[in-house]
Amino acid sequence: MMTTGQGLAGEIVLASSLDAATRLEMWNLMARYFREANRSAFERDLAGKRWAIVLRDDGGAVQGFSTLDLMEADLGGRPVRAIYSGDTIAERSHWGTAALPRAFLRFVARHTGADSDEAEWYWFYVCKGYRTYRFLPVFYHHFFPCPARATPRREQAVMDALATRRFGDAYNRSTGVVRVPGDYALRPGVGDVTAERRRDPFVEFFQCRNPGWPQGDELVCLARIGRENLRARPRRWLAEERSS
């Protein structure tokens, strides 16, 4: 089943099922938008994910993708579960498409089930640029870190546990940033933080919390998955995906 939006179809597939031609299209997309991108590193990262959302246009060409995995951690004897979003990119002409968020919410519906309001499920996300950080206020009422309030102790513990498990010593608990020397970074012109952009409080907050983003530093983010935390439009999309 595919989720459509603005001329694109978003399909959730096993990463291991991606054929060579699709992987090459995905890699070419990465290389166009990120400097220092390395094909071998891309393939290793993809091999470490279980699923991918692949966005295709009417002609079948790849116009975007996001890699996904599930994670779990034990905090004080209480398990927490998370959907982890890895590499995410779309062609500039399709920025803002509904196909990607709708496909992501279909993944949420499929893997968290109807008990996601009772179970402790989170979206665990790392952001190389402000555009990906801005997904959070579009989707969620409460997410962390955010400019409106300090991160609660529980959410901070969840972020620390998941980020340490995923990134090891590359994660700095005091800053909430993942830094891998020589890692790929957004190309100039893709996610520039201009003076005009900094008037947006979310962009300004991202810039302050992750000043090393031009070198590829990533800000660790977290949001509780559940209907009560979703804003109106994604809540409607999630209901539609669960009923389909």
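**Salt bridges and cavities**

Lys49 counts as buried, at 5% relative accessibility, in a model that is predicted.

User: Which residue forms a salt bridge with Lys49?

Analyst: Lys49 has a relative accessibility of 5% and falls under the 20% limit, so Lys49 counts as buried. The closest N and O atoms of the pair are 2.8 Å apart, and the residue that forms the salt bridge with Lys49 is Asp45.

User: How many residues apart in helix H2 are Glu43 and Arg39?

Analyst: The side chains of Glu43 and Arg39 meet in a salt bridge, with an N to O distance of 3.1 Å, and Arg39 is partly exposed at a relative accessible area of 31%. Both residues belong to helix H2, which covers residues 39-47, and they are separated by about one helical turn, their spacing being four residues.

User: How many residues apart in sequence are the parts that Arg154 and Glu120 tie together?

Analyst: The side chains of Arg154 and Glu120 meet in a salt bridge at 3.0 Å, N to O. Arg154 lies in helix H6 (residues 153-167), whereas Glu120 lies in the loop between helix H3 (99-112) and strand S7 (121-127), so the parts that the pair ties together are apart in sequence by 34 residues.

User: Is Glu120 buried or exposed?

Analyst: Arg154, the partner of Glu120 in the salt bridge, is partly exposed, with a relative accessible area of 27%. Glu120 has a relative accessibility of 5%, which is under the 20% limit, and Glu120 therefore counts as buried.

User: Which element gives the most to the lining of the largest cavity?

Analyst: The largest cavity has a volume of about 100 Å³, and its lining includes Leu100, Pro101, Phe104, Trp123 and Tyr125. The elements that give two or more residues to this lining are strand S5 (62-75), strand S6 (78-90), H3, S7 and helix H5 (135-139). With three residues, the element that gives the most is H3.

User: How many charged residues does the lining of the second largest cavity have?

Analyst: The second largest cavity holds about 40 Å³ of space, and among its ten lining residues Val108, Ile225, Gly226, Leu230 and Leu238 lie nearest its centre. H3 and helix H8 (232-243) each supply at least two residues of this lining. By class, the lining of the largest cavity has no charged residues, while the lining of the second largest cavity has six nonpolar residues, two polar residues and, as charged residues, two.

How values were computed. Residues numbered from 1 in each chain as written. Predicted model: local features only at pLDDT ≥ 70, side-chain atom pairs only at ≥ 80, totals over all residues. Heavy atoms only, no water. Salt bridge = Lys/Arg side-chain N within 4 Å of Asp/Glu carboxyl O. Buried < 20%, exposed > 50% of the residue type's maximum accessible area, 1.4 Å probe, protein only. 1 Å grid on protein atoms, 1.4 Å probe; cavity = no way out; pocket = protein on both sides within 12 Å on 5 of 7 lines; lining within 4 Å. Points joined across faces, edges and corners; volume = space filled by probe spheres on them. Nonpolar A, V, L, I, M, F, W, Y, C, P; charged D, E, K, R; others polar.
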